[in-house]
Amino acid sequence: MSNFTELAKILAHEQAKGCNNSSVIGGVEKFVENWAGRTRNPENESGVRQILDALSGYAAADVPQRNQMIQRAVAAARQYDVSPARPAPGSKRAPPRRNANQIKSHPPAALPIELRQDNSPLPAAEPIPEYDEDDEPLPSGSIRVDFGLDAPVSRISGVGTAKSSQLARLGIETIRDLLYHFPRAYRPVKKISELMFGDDATIVAQVSHINDYRTRSGFHITDIVLVDPTGGITAKFFKQPWVAKGLRLRQFVVVSGKVDRDLNKLSFKSPEYEPLTKELQRLLDTAHVYPIYPLTEGVKANWLRKNEREVVRYWADKAVDPLPAALRQTERLMPLSQALREIHFPTSMPRMQEARHRFAFEELLYIQLGVLRQRAKWRREPGRALPIPSDFLARYESGLPFPLTGAQRRAIGEVFGDIQDTMPMTRLLQGDVGAGKTVVALAALLIAVMNGTQAVLMAPTEILAEQHYNTIIRILPAVAEKFGIGPRLKLLIGSMKPRDKAAAQEEIAQGQVDIAIGTHALIQEAVQFQNLSLAVVDEQHRFGVGQRSAIRQKGYNPHILVMSATPIPRTLALTVYGDLDLSILDEMPPGRTPIKTKWLAPREREAAYTFIRSRIAEGRQAFVICPLIQESEAIDAKAAVEEYEHLRTQVYPDLRVGLVHGKLRPAEKDAVMNKFREHEIDILVATSVVEVGIDVPNATVMLIEGADRFGLAQLHQFRGRVGRGAHQSYAILLAEESGSTSDERLKVIENTQDGFKLAEADLLLRGPGEFFGTKQSGLPDLKVAQLTDVKLLEHARKVAQDLFAADPDLAQPENQLVKKGMDDFWKSGSDLS
C-alpha cells in the first residue's frame, strides 16, 4: 500500500468520525506534515503540495469546511493511488466473518510493514472481534484426564524433563502444585489512551506495523506498533528475533507490562504478549484484569498462563475441599472450586478478594494447628520438675553486681513457674538489646545445677557463644558462692581443635560438665548429655522448630527456654512461636542513656568521619559497618575490605583501624575482636558479624554504611552494640541513595529507641519474608496469607484453638481432610513434623 493510499484511509476514517480532528494523534494537520516529509519526492511534489494546501487550516475550520477539505485532499491522493484492484462492480463479495482464524490470516500486504520513526499517527485499529461461542474450539486438550491431582506435572502434554526441572524451581512438581500456583499480581486492562508512564497495565490491541532491524553495532531490535480505537503505542523487543516471526499484521494480541518512555513517547519494553482468543477475551471482559504469575528462567508467562487456564478449567471442580462445610459456612468462606477459579481468573475484583481471603485463612489455620499440635506433643511426655528454694531470688540478686529490673523479676518468676512442673517448659524470652536476658537465663541454669542435672546454653555464632561464656564466668563466682556451689562450665564451639572438642564431648557425656555453652555443634549427634534438664537457646530466630526437637532428643524431655534479642511483634511471635509461652523484658536496666541516632545523606560522609575523629580524640572507639565483604556489581554497597583500606590509608592514617568479617578464620576473628576490646584498635570495620555478640563498653559510635539496605530490626541490633558504657553513644546511618524507598525506615529508627515498635514498623514496611525469613523460622512458605494481617491471624488462631480443643487429633471424619491439609502444608517447607 502506498503512502497516498494510507493517507486516503486515514482521511476516510476522519470523515467517519465526524471530522472531529481526533482520528490521529496530534491532529490531521500535524499528521499530514509528517506524512509529507516522508512521502515527498520530485515525481509527486505537485500532488503532495495539493494535499497540504487542501488541508491547511483544518483545525480552525468548522465541520462542513473540514469535510470539503478532506474531499479535495482525497481527490489529489487518488492520482497517486496504487492500492490493489477492487472487485468488479456487481460481483458478490461475502462480508467477512470476524473470528480468530480470519484475523490471523490477513495477508501481510494489507498494512505497511515499515515503522514510522517520526510523529505520524497510526492507522485506525479495527474493533476488537466479537466472538461467537462456535468461533473457536476449546484448546486441544494438553491436559489428559486419566490421572489425579498428585500425578507429576510431566503428565501434561509438552512437559518433558527440562520443563519439569524448570517448573520445580517454582515449587511445581505435581498437577496440584500447578493448580495452587497463584498469580502474584493482577494488571488492569486499559485502553491505549488511558496508559500513563510507569503504569503496570495490559492492553488488547491490533498489530499495525512490524519493524525488525539491527543497529549499526549489530544489536537486534523488534518494534511492534499496536493500535486500538483510542490510539497507538510501540512495544520494543531486544534480542528476540522470534517475536517478529510469531506475529502477523492485523493480529489481535494481549500485551502486558510496564509502560516506559522512548524518545518522549510511551512504549512497552519487552512486554509479555499472547494472541487474543475467545476464552482469553471472555476472561478479560469480566474482571478487566490480567493475572501475572511468578516465573523462572525457561518458563514463559504465556505458556504458564495457558496451562493454568486448562488446569483450572478441568481440575478446579474436581479438587476436594479440605475445610468442613460447617466451618466454611460459619466463616463465610468461598468453596474451594470457586475460589480456585476466582483467584486465577477472577470474574470481578471483589470475588478475587474473597478467594484470596479463603486461602489466606486456610494457610493461617494450618500454621496455628501445626504449632498447637507440636505444643501438645511436647507436653504429653512428662519432664523433670526442678524444685526451687523459696529464698533463691533474694540470694541470687544479692550476688549480682547490679539490681534486677522489675521485668527481669517477672520473667524469672514465669520461668520458675514452668520448671517446677513436670510438664516441660517451652517459653520464649523476648528482650531488647541490653535488657538483661542472660541474667534471667543464668537463674534457670543455676536451678538446674542445684538439682544435680545438666544444662546447656546455645547460640548461633561462636562470637555470641564466647560472649555468653565470658559474661557467665564473670558473674557466676559471686552468685554461686551465695548457694555454696561451684558449677563446672565448658565451652564447645566448632572451631576447637578436634582433640579438645572430643575431650569436651566426653566430659559432657560423663556428667563432668554442669553447664555447657556453645554453638549448634552441641546438637550434633556426636554430643550426648548424661542428665540434661534445661536447654537455653539464644537468638532463637536463627533456629527452627526441628532444631528445638533435636535438643529434646538429647535429654529426658528437658525444659526449653528460647531467647531473642531481635524484638518480634506479638502477632508474629504467636505465629512462629505458637508452640511457646511468651515472656517479655520491656524494661531497660537503670543508667542506660538513649543512643542518639542520625540519618545522613551520602554528601554528609565527611561530617561523619570528622565526628568519629572527635570521639576517638576523647578516648572512645567506633564501629564502621558495611553490608558486603567484596565488591558486587549487583549491589552497589561498600565492601568492608575496601572500606577498611580507604579508612586506614586515606581518612585515618594516624589511627588504629581493624577489620573483621565472616570469611576470616575463627582464630583471626577472635584475635581482632580481643584487640578491639583491649583498646588496641580505635576503629573496627566490620560486616554484620557484629550484629550480635560484641560487648565493648568504650565503643560509643556506630557508623552504618548502606543503612538503607538493612531492615529496622537489624539496624537496631547494630545500634545496640554501642551505648553499653557510661558515655553518650551515637549511631550514624549513612544511606547510599537519598530519596529511595527505604527512607521511611531510616526516619523511623532515627526517632525511635523502642525495639518492639521498630519491629512492628519493620514487619509492615518489609513484610514477614524479609523481616524474618521463613526458612530461618521453620515456617512453610505462605502463598497468600500476610502475617501483617493481625485481625485474620488472631481469628485463625482462635478457630484453630477451638477446633483443637474439640478434636486434638483431628480424627473426626469431618476433620480428617483438615489434618491432611495441615500435614501437606507443613511438609511443603518446614522442619516441623
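A: Helix 13 and helix 29 cross at roughly 90°, and their axes come within 9 Å of each other (axes are lines fitted to C-alpha atoms over the stretch in contact, with angles from 0 to 180 degrees between N-to-C directions; helices are DSSP runs of H or I with at least four residues, strands are runs of E with at least two, and both are numbered from the N terminus). Helix 13 is therefore roughly perpendicular to helix 29 (65 to 115 degrees; under 35 is roughly parallel, over 145 roughly antiparallel and the rest oblique). The model is predicted, with local features needing pLDDT of at least 70 and side-chain atom pairs pLDDT 80 or more, while totals for chains, interfaces and linings use all residues. Residues are numbered from 1 along each chain as its sequence is written, and side-chain values use heavy atoms, without hydrogens or water.

From helix 13, the contact (heavy atoms within 4.5 Å) takes in Glu-363, Tyr-366, Ile-367, Leu-369, Gly-370, Val-371 and Arg-373, which face Val-818, Gly-821, Met-822, Asp-823, Phe-825 and Trp-826 of helix 29. Eight of these residues are nonpolar, two polar and three charged (Ala, Val, Leu, Ile, Met, Phe, Trp, Tyr, Cys and Pro count as nonpolar, Asp, Glu, Lys and Arg as charged, and the others, Gly among them, as polar).

Helix 13 (349-380) and helix 29 (816-827), together with helix 7 (175-179), are the elements that each give two or more residues to the lining of the largest pocket. That pocket has a volume of about 1,100 Å³ and is lined by 32 residues, with Arg-176, Asp-177, Tyr-180, Lys-783 and Phe-825 nearest its centre. The lining comprises 15 nonpolar, five polar and twelve charged residues.

The largest cavity holds about 40 Å³ of space, and its lining consists of Leu-280, Leu-283, Leu-284, Val-289, Tyr-290, Pro-291, His-344, Phe-345 and Pro-346. At least two of the lining residues come from each of helix 9 (278-287) and strand 8 (289-292), and the lining has eight nonpolar residues, one polar and no charged.

Elsewhere, helix 3 (residues 45-55) and helix 4 (residues 63-78) cross at roughly 175°, their axes coming within 8 Å, and they are therefore roughly antiparallel to each other. Here Gly-47, Gln-50, Ile-51, Ala-54 and Leu-55 of helix 3 meet Met-69, Ile-70, Arg-72, Ala-73, Ala-76 and Ala-77 of helix 4, a contact with eight nonpolar, two polar and one charged residues.

Notes. 1 Å grid on protein atoms, 1.4 Å probe; cavity = no way out; pocket = protein on both sides within 12 Å on 5 of 7 lines; lining within 4 Å. Points joined across faces, edges and corners; volume = space filled by probe spheres on them.
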